[in-house]
Amino acid sequence: CLNIDPCFHSYFVKMERYIRHVLTVWWVCLPVSTAAFSPIPARFARTHSPTVHSVPTSGLSLRESSLSSVTSDSGTSLGVATSQDEWWQTWSAEHGIWTNENISVRLPRTEERGKGGVTATKNIAALEVISRIPRNLIVAASPKDMSTRAVEAATNAKNCSWAVDLTAAALVALHPEVDATPLEGAEKAKQEWVQGWVAGGWATDGADLGSEEEDWGPKCVTGSLLATGSDNDVNVYAKFRFPCHPVLHRASLGLALLTGSDDSEISLEALSNRGRTYRAMRDALLELVTTPSPERKGSMRERRAWDVADVLSRTLSRVTMLQFNDDDSNTNEDSYSAVVVPLHERLDHSEHENTKLVVASNDEEIWLVATRDITAGETITRNYNLAPRLDGDTSEGALRLLLQFGLPPNVWPSA
């Protein structure tokens with residue numbers, strides 16, 4: 001029997017555990033199949049929406065499950081229509097949103113992850129208006145649209161960015177002040193709409209990380225994957241020979257596998273950058289969450305922090321940039337603001353998109369306009385690649401489309 005120095009013995013034990021962990025993670029991630037297409041969670045669900053008719057994907061791989069999706073990259077409808085989105089029809093009509101009679105809006109299927117379902121029922125000509133949305137219904141990170149409460153909170157964040165401003169604006173829309181009068185009109189309508197933001201970027205729903213029984217899976221996250229870990233994880237876990245928090249490490253390996261990447265370091269950096277962005281705004285925006293979600297157990301502060309993470313992820317998955325006419329003399333890129341616009345935020349993705357958002361000349365409406373002729377049966381699309389990205393984010397292709405927007409495999413670029 002060899003007389004091994006205790007320090008070396010401890011090192012070998014830790015290395016053995018680490019190697020076993022990596023192998024376990026690799027093995028666990030390989031069968032990650034329908035996890036990314038699990039049923040949409042109830043959190044933030046519309047209380048008066050019709051039942052979602054999901055498509056079973058049991059036994060299919062991630063890519064196989066995408067075969068039942070409804071669109072091709074060109075935007076052509078491939079599947080069978082499901083039930084109309086009655087909530088949208090009622091809400092939009094009640095609050096002054098005009099929608100072209102030649103389009104239909106149905107509930108997104110489960111495998112569409114919240115995107116899609118808007119289709120042309122008849123031919124639509126280029127430059128024809130598809131929808132007109134009142135400006136007071138959008139969520140925007142612009143000086144004219146942000147409330148004083150949102151501006152003050154965002155100003156206290158560690159880093160200033162469009163993501164901080166837009167998340168603050170979304171939180172204010174969701175959470176009125178405790179002693180404020182009940183919301184009415186556009187403010188009430190906006191709250192109802194934001195409450196309906198269910199889907200988000202990858203792992204907003206813990207089911208994306210696999211089953212509850214998996215080691216370093218959903219049961220090990222702190223509220224959500226986005227809220228798990230700290231800026232000091234590299235130093236904390238270095239003594240265990242881990243590159244970062246184990247949950248984040250496993251998630252990066254799974255994300256790389258799902259998107260066909262041969263370099264998990266890229267997905268790890270993308271996840272880490274998203275976490276740093278969240279932690280830079282978390283403390284400043286906590287005060288905006290007046291009524292935290294009750295689903296997860298934790299202290300009041302923890303639940304507020306997790307709600308900030310959820311709203312950030314759902315905001316990132318819907319954002320676009322829009323140039324307002326508030327200052328006619330300002331035509332540079334600084335006049336663009338990050339926004340989330342009803343209907344546009346749920347459109348399917350295509351690199352050959354057929355719509356564009358424009359601000360009406362009166363500056364009080366946002367128009368969704370066809371950029372080319374759209375044939376009957378074609379899906380109404382936007383290009384998510386044109387959406388703003390987080391500072392420091394270098395992800396591209398399938399990785400970005402899945403992580404930031406939660407988009408399914410049928411719209412990812414071909415390898």
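Predicted model: local features only at pLDDT ≥ 70, side-chain atom pairs only at ≥ 80, totals over all residues.
1. Overall content. The protein has 415 residues, and 52% of them count as buried. Its secondary structure comes to eleven helices and eleven strands. Among contacts with a separation of 6 or more, 71% are between residues 24 or more positions apart.

2. The sheet of E5, E7 and E6. These three strands make an open, antiparallel sheet in the order E5-E7-E6. Strand E5 (139–140) and strand E6 (320–323) are the edge strands; each has a single partner strand, so one side of each has no neighbour in the sheet. E5 is joined to strand E7 (residues 336–340) by two bridges in the antiparallel sense, and Ala140 stands opposite Val339 in E7. E6 is joined to E7 by four bridges, again antiparallel, with Leu322 having Ser337 in E7 as its bridge partner.

3. The two faces of E6. Side chains alternate along this strand.

4. The E9–E10 hairpin. Strand E9 (residues 355–359) pairs with strand E10 (residues 365–370) through five bridges in the antiparallel sense. The two strands form a hairpin with five residues between them, and Asp363 in the turn has a positive phi of about 65 degrees. On E9, Thr355, Leu357 and Val359 make up the covered face, while Lys356 and Val358 make up the uncovered one. Val358, from the uncovered face, stands opposite Trp367 in E10.

5. The largest nonpolar core. This core holds 94 residues, of which Val139, Trp202 and Leu225 touch the most other members. Helix H5 (residues 162–174) is the element that gives the most to the core, with eleven residues. Val139 also falls within strand E5 (139–140), an edge strand of the sheet in point 2. Leaving aside residues up to four places away in sequence, Leu225 touches Trp202, Ala203, Leu209, Val247, Leu248, Ala251, Leu271 and Arg274.

6. The second largest cavity. By class, five of the lining residues are nonpolar, three are polar and three are charged. Helix H9 (264–285) and helix H11 (397–403) each supply at least two residues of the lining.

7. Thr119. This residue is found in strand E3 (residues 118–120). Is Thr119 buried or exposed? Its relative accessibility is 16%, and the cut-off for buried is under 20%, so Thr119 counts as buried. Not counting residues up to four places away in sequence, Thr119 touches Asn102, Ile103, Ser104, Gly377, Glu378, Thr379 and Ile380. The C-alpha atoms of Thr119 and Ile374 are separated by 9.7 Å, although the two residues are 255 residues apart along the chain.

Methods:
Residues numbered from 1 in each chain as written. Heavy atoms only, no water. Pairing = 2+ DSSP bridges. Nonpolar A, V, L, I, M, F, W, Y, C, P; charged D, E, K, R; others polar. Core = buried A, V, L, I, M, F, W, Y, C linked by side-chain atoms within 4.5 Å. Buried < 20%, exposed > 50% of the residue type's maximum accessible area, 1.4 Å probe, protein only. Contact = heavy atoms within 4.5 Å.
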